[in-house]
Structure formats: structure tokens, C-alpha cells
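Visitor: I have not seen this structure before. Please show it to me, and I will ask about it step by step.

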Amino acid sequence: MTDDQVSLVNPAPGPSFSDDEESAFSSPRPPPTSEINQPSYQEIITQIHLRNEAFQALQKHLLVVQDCYIQDIQALKDKVATLNSKVALLETQHQHQTTTPPSTFPPLQQQQQPHTWAKKVAKSLYSKPSTTPPNKIALPAVLTKRDCTIVIERDGTSLPDNTNTLTIRDAINSAIKKPLIAMIEFTTNHHVLLITKDNTPTTSVLKHHHFAIEEAVRATIPVAIGLRKEEIWHKVILHGIPTTSSFTTIQTEIEEFNPGIHLPRLPR
């Protein structure tokens, strides 16, 4: 072998690298999964509280929306009911106009009647304007104290000092066998008032127990002369009556020309 020939039998050993030196030239390894940043327990609890508060706020908002919806629906129902009542009223008026033909003849002139004091009384009693609106739906009547009062009339003498209201009430309730009388009152003219209980109308009590109440009143109330229900009285002032007319004539004329009107005493 000459010097010009290269010997390949035992090549010269090259530089050797260890595992540590090779790792310096390689790409970095990704960190293990367990080493990734995980939220702590406290952060998870905080997020749960925040979401719970958001849920509660949303729930309250839904309740408010629901209440508004219910109120709007009720308002619409009330408007519909009002419109239905107006439509029914208009239909009734229309039917009345179509079924009642207009009169083709002029009304006959009424005969001029003499002007009496009775007409003045009737005009003053029945000429009050109505305060009920035309389109208002009639409501069930509520009994007033007058509707629940029975008047025991007396001759005007004073009642004895030992008069006991409880004794009178218990005697009347025992006579009618029902506790219908709740209270006893006295008036300024020494009449006795029986007040029924539980909104019981006076007409019903007198219809079924008139005789029993009279018997109990005779035994407990001295000088009782009558039994009636409470009535509505009117006071009317008449102007321009001539002084030559007697009060007896005026009373007779008022009662004769106005059926249903009774004067408890002579005009003054």
C-alpha cells in the first residue's frame, strides 16, 4: 500500500457525544399533563357562587315578568268585559229602536189641569236627578241599617228607669225561637228599635214572626202601640201657599192626589 492510498481498514475514531450533549441540540419536551396549571378549589367555589347568584337574579327577573304578564292579562279581561257590556247595551237600544216604529201623528195636546199643591209636592219628591251612570252595571244591593231595623212605636211617655235592653232582646228571641235580634236601641221620642243580626232584612223577620214579636213586646215594653219596619221620611218645604188654606185641606189634597204618600202629622 502506498502513501497515496487511504487506509479504510481502521478509520480514525471521530468525536463521540454523550446523551446529555445530544439532548442539548434536540427540541424541548412538553411538560407532563399533571404539570398544567389547574384552577384551585377556592376558585371553583367562587365561580359556583357567582353562577348561583346570576341564576337567582334571573329567577327574580322572571317572576317580575310573570307578575307583569298576569296584570296585563287581567287589565285586558276587564277592558273586554266593559266592551261587552257596552255592546250589549247598544244592541238592546238598537232592537228597541227597530221594534218601536216612530209615531207619525203629533201628540195630542194635553188638557190643562189645575195647579195643585199636591203636584208641587210630587214634583219636589220625584224630580231629583239620577246619580247612577247609564252604562254602569247594577251591583247587588247592600242592606243598610234602616233595612235591618224594626220600630216599636210608643205613646211618647218615658220608659221606666229599670228598663233593660238585654231582657227585652232575650224575651223577643225566645218568643220567635231564633236569635234574630242582635241589639235594642231607644230613640229621642221614646220609641224602641230592634236591630236584626247578620244582615237579616226586616221584611223577612216581620213576615214570619210578627205575631210572636208583638206578644213579647206587650210583656216587656210598657205602652207599646205599634210595630213596623223603619221607613224613609221626607221633609218638603212649599213656598207660596195662601194663608187662607187650612193645613187639614193641604194634607188631604196631598194624600189624595199622590198615592203612596202619607203625612204622619199636619203640615206646619
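Visitor: How many helices and strands are there in the protein?
Guide: This is a predicted model. Read along the sequence, its elements follow the pattern α-α-α-β-α-β-β-α-β-α. The count is 6 helices and 4 strands.

Visitor: What share of the residues in the protein is buried?
Guide: The protein has 268 residues, and its accessible surface comes to about 22,600 Å². Carbon and sulfur atoms hold 58% of that surface. Among the residues, the buried share is 16%.

Visitor: Is histidine 209 buried or exposed?
Guide: Histidine 209 sits in helix α5, which covers residues 202–220. Leaving aside neighbours within four places in sequence, histidine 209 is in contact with Ile176, Lys178 and Leu180. A residue under 20% relative accessible area counts as buried. Histidine 209 has a relative accessibility of 15%, so it is buried.

Visitor: What is the volume of the largest pocket?
Guide: The lining of the largest pocket includes at least two residues from each of α3 (117–126), β1 (149–154) and α6 (247–257). The volume of this pocket is about 1,400 Å³.

Visitor: Which residues lining the largest pocket are the closest to its centre?
Guide: The lining has 36 residues. By class, 20 of them are nonpolar, 8 polar and 8 charged. The closest to the centre are Trp233, His234, Lys235, Leu263 and Pro264.

Terms used
Residues numbered from 1 in each chain as written. Predicted model: local features only at pLDDT ≥ 70, side-chain atom pairs only at ≥ 80, totals over all residues. Heavy atoms only, no water. 1 Å grid on protein atoms, 1.4 Å probe; cavity = no way out; pocket = protein on both sides within 12 Å on 5 of 7 lines; lining within 4 Å. Points joined across faces, edges and corners; volume = space filled by probe spheres on them. Nonpolar A, V, L, I, M, F, W, Y, C, P; charged D, E, K, R; others polar. Buried < 20%, exposed > 50% of the residue type's maximum accessible area, 1.4 Å probe, protein only. Contact = heavy atoms within 4.5 Å. Areas by Shrake-Rupley, 256 points an atom, 1.4 Å probe, with all protein chains shown as cover.
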